[in-house]
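Please look over the sequence and the structure shown below. The paragraphs that follow lead through selected parts of it.

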Amino acid sequence: MLDIAVIEEPAAAEASLDPIRSRILAALAEPGSATMLATRLGLPRQKVNYHLKELERHRLVELAEERRRGNVTERVYRATAASYVISPSALGAVSPDPDRSPDQLSAHWLLALGARLVQELGTLLAGAARARRRIATFGIGAEVRFASAADRAAFADELARTVADLVGRYHDESAPGGRTHRVIVGLHQIPVPAGTPGPSPHVPGAGYEPTEEHGPDAGHEPTGESAADAGQAPDTGPGPDARQERRP
């Protein structure tokens, strides 16, 4: 079972979003038959069996084993992944395009960058699975609490300069056999769960006041998310031929 699977087909995405099927997928973190699932979920076995066949057709579940019980063969299924992410490619022409209106201070652009990250990594993972190879990626996750909007802006500016300096030092346009990697860096507030005491993260006053230059939609390009060789064949790891590409 994979840790995460990326769903790219619209029909598979639709199947995974069905409330009953999503419950079945969650229950199949542990293998089970239609009869076992019916008991776990409190549903008729015939209904569970129907949804299992649909999930299997979209490769969201797979046959784990067959057990002989008297004159009956019991089919035991398992989910193909512990969790699933739907790729923006499933949306076709209406999927987000970060090249459409790049703006480092736009939360919508940051969201479009994240969507492209999911889409490209999904493509890479699918190719790597077919080739039975690993892909070269790198990620950083961190949290930082700013005392003011000015501190946040200064942090973002310094991080942007640092990333630009690194890209400038390592990018080699003419490297024979070089592979282009995408570097995505983002900065955003962490949403506070509903009902949590304190100021709302969605309005001014949530820890700091937005300034004229850095409004509620602000979100400079900068916390490292990932670097992946998008569009390239699966790789076994970063090597001396790797190069990075700076995006707006």
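Is Arg132 buried or exposed? With a relative accessibility of 78%, Arg132 counts as exposed, where buried means under 20% relative accessible area, exposed over 50%, and partly exposed in between, calculated with a 1.4 Å probe on protein chains only. The structure is a predicted model, in which local features need pLDDT of at least 70, side-chain atom pairs count only at pLDDT 80 or more, and totals for chains, interfaces and linings use all residues. Residues are numbered from 1 along each chain as its sequence is written, and side-chain values use heavy atoms, with hydrogens and water left out.

The protein chain holds six helices and seven strands. These elements are DSSP runs numbered from the N terminus, helices being H or I with at least four residues and strands E with at least two. Along the sequence their pattern is β-α-α-α-α-β-β-β-α-α-β-β-β. Of the 248 residues in the protein chain, 33% are buried.

An α-helix has 3.6 residues a turn, so residues three or four places apart point the same way.

Just after α4 comes Arg59, located in the loop between α4 and β2. Although Arg59 is not a glycine, its phi is positive, about 60 degrees. Most residues other than glycine have a negative phi. Arg59 counts as exposed, at 63% relative accessibility. Arg132 also is not a glycine and has a positive phi, of about 55 degrees; this residue sits in the loop between α5 and α6 (149-170).

Another loop residue is Ser33, between α2 and α3. Ser33 is buried, with a relative accessible area of 1%. Beyond its neighbours within four places in sequence, Ser33 is in contact (heavy atoms within 4.5 Å) with Glu74, Arg75 and Val76. Ser33 and Tyr77 stand 44 residues apart in sequence and 5.9 Å apart in space, C-alpha to C-alpha.

Finally, the second largest pocket has a volume of about 930 Å³. A pocket is an open set of points, on a 1 Å grid over the protein atoms alone, with protein on both sides within 12 Å along at least five of seven lines, and lining residues have an atom within 4 Å of a point. Of its 25 lining residues, Leu2, Ile4, Ala5, Val6 and Leu125 are the closest to the centre. Two or more lining residues come from each of β1 (2-7), β2, β4 (81-86) and α5 (107-131), and α5 gives the most, with eight residues.

Notes:
1 Å grid on protein atoms, 1.4 Å probe; cavity = no way out; pocket = protein on both sides within 12 Å on 5 of 7 lines; lining within 4 Å. Points joined across faces, edges and corners; volume = space filled by probe spheres on them.
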